[in-house]
Amino acid sequence: MSDSNEPITPEIVEDEMSENQSGLVSSHAFSPDRIYLLPMSGRPFFPAQIQPLVVSQELWDGTITRVEATDHRMLGLSYVPRQQQDNELTSAHFSKVGCMVRLHNIKRENGKIQFVAEGLRRFEISEFLTPEIPFLTKVDYPASEDMDKDRIRAYAMAIINTIKELLPLNPLYGEGVKDYLLRFNPNDPSPLSDFAATLTTATGDELQVILETIPVIARMEKVLVILKKELDVVKLQSEITQEMNRNVSDNQRKFFLKEQLKIIQKELGIAKDDRTADVEQFEERLEKLNVPDHVKERFDNEIQKLSVLEKGSSEYGVSRNYLDWITSIPWGVYSKDKLDITAARKTLDKHHSGLIDVKERIIEFLAVGVYKGEVSGSIMLLVGPPGVGKTSIGKSIADTLGRKFYRFSLGGMRDEAEIKGHRRTYVGAMPGKFMQALRETGVSNPVIMLDEVDKIGASYQGDPASALLEALDPEQNKDFLDHYFDLRADLSKVLFICTANQLDTIPRPLLDRMDVTSLSGYITKEKVDIAKKHLWPRQLKKNGLSSKQLKISEPALKQIVEGYAREAGVRNLEKMLNKILRKAVVKILESNETLVNIGTKNLEEYLGSPYFRKDRSITGVGVITGLAWTSMGGATLPVEATAVHMKGKGFKLTGKLGEVMRESAEIAYSFISAHIKEFKGSENFFQEAFIHIHVPEGATPKDGPSAGVTMASALLSLALGKKIRGPLAMTGELTLTGHVLPVGGIREKVIAARRSKIMELILPFDNQRDVEELPDYIKEGITFHFAEKYKDVFKVIF
């Protein structure tokens with residue numbers, strides 16, 4: 001196919017055609033009825049258009065040679081709508097209407113034929129005389145007979161005016177277009193409409209429609225449409241270009257002004273380069289701080305180093321970043337503590353219900369500070385089940401003291417550099433969390449909370465728990481060394497508050513440095529109070545509701561606590577309240593109710609059936625209720641013993657018991673077997689019976705020594721064939737000689753018994769001190785029996 005470039009003006013070929021100028025007669029003077037065809041891809045060719053074309057010599061040399069042999073040198077250019085390989089062309093690919101052109105300046109070189117085509121007039125193919133290259137066709141020349149000269153003149157002027165608007169916006173066509181308009185004869189508007197069409201960037205199919213439109217007025221209408229569209233596009237392009245040039249000009253102007261300002265400042269001796277500005281900024285920061293001598297000395301050394309380094313060097317960036325950090329640490333800056341016991345007690349009571357013993361411990365700590373006149377640094381560990389308010393207690397302590405608060409979680413931390421910082425030799429090195437806390441809070445005595453201290457990890461990168469030893473030791477943290485700064489920092493005024501769910505996973509040396517305060521689970525009364533004063537109002541506010549739209553009764557709150565949220569903390573209780581609110585909002589929107597009341601009667605509409613039913617106390621021969629401690633709080637633990645058969649001695653344990661618990665069961669079996677006679681039982685029972693002990697909820701792992709007394713009682717009940725009196729629960733470790741040893745988690749176990757409505761407990765004698773330390777509201781109504789030996793247990797249960 002022929003390749004066409006952008007349209008050119010008649011002047012381009014003026015010199016080449018000067019010799020043949022006399023031969024350029026009107027195209028209507030002679031129009032052959034048979035012409036050869038060349039395909040045009042991309043855009044059709046128009047009459048009154050003059051343009052150089054290039055075709056393949058291999059394919060089209062025969063066609064061009066035949067045309068050269070004629071006197072008129074005319075051939076047809078027909079638009080091929082879809083891209084086709086020239087050697088695959090057939091007569092069906094050509095458009096029926098094309099443009100007859102005269103060839104000028106034909107040249108052959110490098111396998112191509114170049115010529116200048118002068119558009120003459122339209123033709124319409126009536127018949128293909130040869131179906132393949134060279135394509136010879138028989139053609140007709142359609143004529144237009146539009147007689148409305150005034151209308152034609154109006155369209156012509158509209159086209160001319162549009163072209164004149166287009167010229168300043170797109171100078172691509174140059175003087176040639178202007179010359180053409182000057183030479184245009186208004187009495188012959190057909191060439192004008194064709195030439196105007198060639199100026200646009202319309203698609204080949206759109207231009208072919210115009211070429212096939214024979215009536216001049218209809219053609220001019222279509223040309224005017226695409227010409228206006230072209231004008232809109234060019235105007236938009238011009239606006240975009242102007243906006244871009246304006247932005248570039250503004251940036252260049254600012255750049256030149258800044259450079260001129262630098263030169264003027266330099267001439268006047270008031271210029272500051274970036275390095276000088278940095279140094280002055282760091283020195284100004286340091287003047288506001290009470291910096292220790294060793295820090296000042298390091299600062300001076302780094303400033304001296306910075307002044308000789310090239311700004312583009314990597315070492316300059318490292319040194320500048322180091323100075324930025326040093327001058328951002330609040331050396332010697334301390335916030336003033338609020339030392340008011342009465343105000344502190346009010347703050348704690350406002351934010352927390354229950355936890356009386358914990359609040360008293362905090363008040364005692366503050367009282368010492370009041371007496372001394374300052375609150376010195378300390379390390380407190382709040383340990384308890386999830387959702388009991390450990391993190392919020394830490395925030396309340398900060399509010400009570402009027403100190404800044406910073407919290408970060410140690411859960412899953414594996415890199416000791418998180419604590420002590422990276423050395424400056426590493427790319428992207430940063431200080432540790434403690435120094436970051438000082439920078440962020442802006443004081444050297446904030447309250448720093450270390451959440452989940454029992455879940456610290458360890459890896460090949462180091463052990464963060466060991467790195468904490470220095471920071472959490474009151475004797476060492478006054479000279480805490482961060483690897484990034486490589487300077488001693490005083491953390492002795494910082495109040496560290498750690499939280500954990502259990503003590504077992506905390507390294508002993510780290511635990512030894514902490515003042516442990518236990519937060520046990522809440523009892524029903526406390527949970528209802530917390531829901532009423534804190535959780536429910538917070539959820540109403542969070543969901544955009546008011547107490548006038550949604551009300552919940554206190555009995556309903558109690559039913560939620562006992563039937564849906566029995567865990568030690570209050571997180572699940574808050575989820576249940578949120579679930580009620582969501583369903584209530586749906587009800588308000590669908591039924592247009594202005595007030596929704598939630599009581600015990602309609603509670604199940606919002607929460608479904610209770611997850612926990614009233615405890616069916618498992619009673620009977622060989623069944624005893626024990627008390628257990630878990631990381632989620634306390635729990636009741638029934639133990640069942642039964643004789644499978646009397647055909648031979650045997651002992652079996654089930655319930656996913658740990659090794660220590662299995663050993664407790666074996667000790668209980670041995671003790672009861674050896675002393676069955678003392679308890680008025682049959683000596684032959686354990687010689688003949690195959691005994692099976694099971695601890696229900698078999699999928700839950702269980703371990704620990706505190707079930708020894710419970711298992712011994714279950715075996716004794718089975719051997720004697722008697723039920724114990726109840727409801728009654730017990731806990732304690734049993735030895736082979738019958739001594740009852742103390743166990744841990746007494747508070748959690750007592751709360752679990754109260755939650756299950758068990759008001760009589762048997763505990764080890766040595767745990768009497770733990771019971772005495774319990775708040776009265778937990779002990780109220782509960783009967784405690786303390787056993788030193790198993791005989792004391794026997795006297796109580798039977």
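**Labels and their grounds**

Author: In this predicted model, Asn110 counts as exposed, because its relative accessibility is 77% and the label requires a value over 50%.

Reader: Where is Asn110 placed, and what is said of its phi?

Author: Asn110 is in the loop between strand E5 (97-109) and E6, and its phi is near 55°, a positive value in a residue other than glycine. Most residues other than glycine have a negative phi.

Reader: Why is Lys680 called exposed?

Author: The relative accessibility of Lys680 is 75%, and exposed means over 50%, so Lys680 counts as exposed. Lys680 is in the loop between helix H21 (659-675) and helix H22 (685-688), and its phi, near 65°, is likewise a positive value in a residue other than glycine.

Reader: What makes Cys99 and Cys498 buried?

Author: Buried means under 20% relative accessible area; Cys99 has 0% relative accessibility and therefore counts as buried, and Cys498, also at 0%, counts as buried too.

Reader: How many disulfides are counted?

Author: With the requirement that a pair of cysteine sulfur atoms be within 2.5 Å, the count comes to 0 disulfides.

Methods
Residues are numbered from 1 along each chain as its sequence is written. This is a predicted model: local features need pLDDT of at least 70, side-chain atom pairs count only at pLDDT 80 or more; totals for chains, interfaces and linings use all residues. Side-chain values use heavy atoms; hydrogens and water are left out. Buried means under 20% relative accessible area, exposed over 50%, partly exposed in between (1.4 Å probe, protein chains only). Helices (H or I, at least four residues) and strands (E, at least two) are DSSP runs, numbered from the N terminus.
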